[in-house]
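Hi there,

Here is the structure I promised to pass on.

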Amino acid sequence: MTSFMIQHGLAMNQDILAPLRNNARLSPDCIALRSHDKPDTSISGLLNIVDSAVCWMAEHGVTPQSRVATLLPNAPETAVAILAGAACATVVPMNPAYPPAETQRLLAEAGVTHLITHPSCIPGAISAAAGSSIRVLQLTSTASGLTGAFELACVDEGRTTGTAGPAEPASPRTVLVLHTSGSTGAPKRVPLTAENLSASAWNVARSLELQPTDICLHMMPMFHIGAVADLLLAPLYAGGSTAFVPAISSDAFFGGLRHFSPTWFQAVPTVLRDILAYAATAEDVENVRRLRFVRSVSQPLPDRLQKEFGLTFGTTLVPMFGMTETAGLITSTPLDRTREKRGSVGIPFGTNVKICDSFGNEVGPFKRGEVLVSGPNVMAGYEGQESAHSDAFIGKWLRSGDEGFFDDDGFLFLTGRLKDIINRGGEKISPLEIDLILAGHPAIREAAAFPLPHPSLGEEVAVAVVTAANSGLDARGVKDYLRGRVADFKIPRAVTFLDRLPRVPSGKLDRLALPGLAGATAGHASERRAPGTPLAKTLAALWQRTLKVPDIAMDDNFFDLGGDSLSATNLMLLLEERFGNDLPTALLFEQPTLREMEQVLDGRIGRARADDRLDPALYAAVKNATAAWRGKRQDNSLILGRNTLGVKRPFFWVCQSMWQFEMLSENLDPERPFHILSSLSNTRLKSDGNTNRLARYYAAEILSIQPQGPYLLGGFCQGGVVAFEIAKALRAMGREVALLCLQDRFIAEPYDGEVALFWGKRGWFCAYDLNDEPERGWAKYYSGPLSVFHSAADHDDLHKMPHVGTFARQLEAEFERIEAGLPPSYRRKFKALQPLNPKNFKSSVRVKVPLFMRQGSSHTIKVTVTNKSPLSWEPTEKSGIILASRWRSFDRLHGYALDARRPLTQEIRPSQSLTLDLRIKVPMRGLPMFLDVDLVEDGVHWFGGFGHSGTSKLVIPLAPDWPVSDPSAG
């Protein structure tokens, strides 16, 4: 038999059986499997049967590349089929309760080649396999025990399967494929390797301190991960045994207790509740008391159920948390009852667990976020959904989809499924919180909150309740029980009563089915109380001013009245202006009623904040400007982080407002930690000196976030100035800056590091507003490697879609190039010129321009320029100086790009004048305009502002002559 398996490449794939073979060598006669209707099977006998089954499967065409589905009842034979299938191929356990049409679809999607079934399931199995090449194998069974009873007979001898050769399978090989429960959407296929299953089984054994004397009572369906990893592999790995009962019921449970005398079992809380109600006799209670522990799985364990179960049976209840995607166990409650924490699902056993906020940042104790998991038990990715890998993972971390937090002792508390979160007018509500509170009501057996559509709030809270018999509980009683235990906005506006809650086959709550069963609409009325205190009246007036509503009551919710993120920011600015405090916008989201806001502000008014590491006024200005920016701050840092768990090199980005990074954050690689910094543009403290001070402070903060370089920096507009100064500060400290990215900004200072320039189509700081050949200016100052990118967007549209998506892709391509050590693809057009001395900019410009000119018309004007500086102006090809004009609006705040350009063809010495012709064209749009004529350091800046120069003439455009001779004028 061994040579047969080696010949077919099977021996090396039985990693999942290695611990069982070791146990068989040490104690060959120890019992492994037990059942009501068959003699016990030893570990050595079990392995002999599995080896025989492997050979029988091979005889029926099973190869390492085959997919073997099982459609079998909960019995020892099913365990053998799964172990054998995992040893020689990939096994796909199926739910025998599924209708044939659904089974047929799942078989096809999983690529199943063989289907092992039982006589009781034969009609459905044949129907499910109809029209496919799947070979159906019947598992025969006798009452003489497992030895010799596990036999396969081909039901459809005429059918053949694809003949994949016995080539050695890839490593690591998928040995088990399970379907998720589908409680939050369509079931997904989870491929698990022998390493995944072995790691999980050992984690379970360690968490439960399993011994060879332990007997597990198995009453879970064999298509569930808990049935395979927790109740089959873990007990057998520990040298113990598993006893099968034929059904999931209280009657089967108590029968199993009497027949097998098990030491532990596990079940969902619904079954535990039924057991608690079923235990009517002293014998039943005593049998449960003999259990070493009882494990609660798959659903949150209500506090009242845990308390009553403990009081009745005196048995340790062990809540745990696991997923199919992690091959089962993630966290488990320690068996030491002195460490028990009600409401917790325990501590990690063999897995790494982090809590991450919505921006990809790890958070500290008691901070809610998504639970992330990594470790050898975690799948590599969903099968058939490889493109969705980025949705399922952050780096090596699997996103569980569950929300929770750690306490100071490392115990995990789950607060709900993220997909279940109810968004009520901006308020995020966890249904699980309401479920668990209502489960404490003595008249409520089960409860489940869910969302219902609401015309203005988007969603409203509803709840389905299953009550005890003759309880008399009504909707008002449900709401009154919650009042005072949860915030008012979490109290359900609709209550529906059901005989039972809908569940998926694994026993989990099917929350998605509840809206269809409710048949209820949301709506409520509440008593309105007017503001009474001076502070409340002041706040109400500010609310009215912001929301444009006639009156405000104390319990009114800001977002119920039509508030949103923008109006929340406006309100906070009014509050800060009125009370002089640094109040974060998040305060309103956490305390959205007028009553709550009054209570919080009453204790905050008059308190000032400062940070002694930076001038307090400067620190407060930046903190205030970024109060509404969403991300993770380290302590009192001014830098916000997103995706900080990402595994790629971080990117530090300086900008002026939230819209300049929100969309960029969404379009960057989610594996790229993204840190956001603010310039001083939105404060009254903007100056060159303060910008330099802030940049040095930022450099120190960057080192605390990323102690080792090289660094990726960038900034937009004025943010580019800050980023440039940060780069200088880091380099002065001996740190390497790998890339400095400047978007729509050029800083005329020498820099020999690598720079990437990103230019928009038009804007005050765009080089193409200052150009004849703007690279002449770049070549003067930036001597290192240079990359240049262009966008069709104007300055103010660079961070809107689709332009921001293009920008993000350009950034990521540059980052990847830097990481690969490759040179930029951009090639310089000009040799480096010498930068101009600031004394060069002193000049005089005189021009005669008609007051009235027709739109679209062209004119030649004479311009006389005089060199007022002590230095000569060399010709353009050596100096980069050009004569140019532009049109600006009547308020002088908005302008068009360069119009006329004229190079200097000869040297102009100090005090010398030169008259040049300049061909201008009047724009086709705009009110009365100013025509600016000045000298320009090409690609850098206008002379004006640096010395007495330039001229500006008012022009009143007349209607154009039609047709316009120059088509481009329109």
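Let me start with a loop: Ala327 sits between strand E14 (317-323) and strand E15 (328-332). (Helices, H or I with at least four residues, and strands, E with at least two, are DSSP runs numbered from the N terminus.) Phi of Ala327 is near 55°, which is a positive value in a residue other than glycine. Ala327 is also buried, at 0% relative accessible area; buried means under 20%, exposed over 50% and partly exposed in between, using a 1.4 Å probe and protein chains only.

Before going further, please note that this is a predicted model, where local features need pLDDT of at least 70, side-chain atom pairs count only at pLDDT 80 or more, and totals for chains, interfaces and linings use all residues. Residues are numbered from 1 along each chain as its sequence is written, and side-chain values use heavy atoms, leaving out hydrogens and water.

Glu209 likewise has a positive phi near 55° without being glycine. Glu209 is found in the loop between H7 and strand E10 (215-218), and is partly exposed at 46% relative accessibility.

Two cis peptide bonds are worth a look. One runs from Gly709 to Pro710, with omega near 0°, and Pro710 is in the loop between helix H23 (688-705) and strand E30 (711-716). Another joins Met801 and Pro802, with omega about 5°; Pro802 belongs to the loop between strand E33 (786-790) and helix H26 (803-820).

Now to the helices. In H2 (residues 18-26), the residues Pro19, Leu20, Asn23 and Ala24 are buried, whereas Arg25 and Leu26, on the other side of H2, are exposed. The cover over the buried residues of H2 includes helix H3 (43-59), helix H7 (194-207) and helix H8 (225-237), contact meaning heavy atoms within 4.5 Å.

Helices H14 (residues 431-438) and H15 (residues 475-482) pack at about 105°, their axes 10 Å apart. (Axes are lines fitted to C-alpha atoms, for helices over the stretch in contact, and angles run from 0 to 180 degrees between N-to-C directions.) Ile434, Ile437 and Leu438 of H14 make the contact with Val478, Tyr481 and Leu482 of H15.

Best wishes
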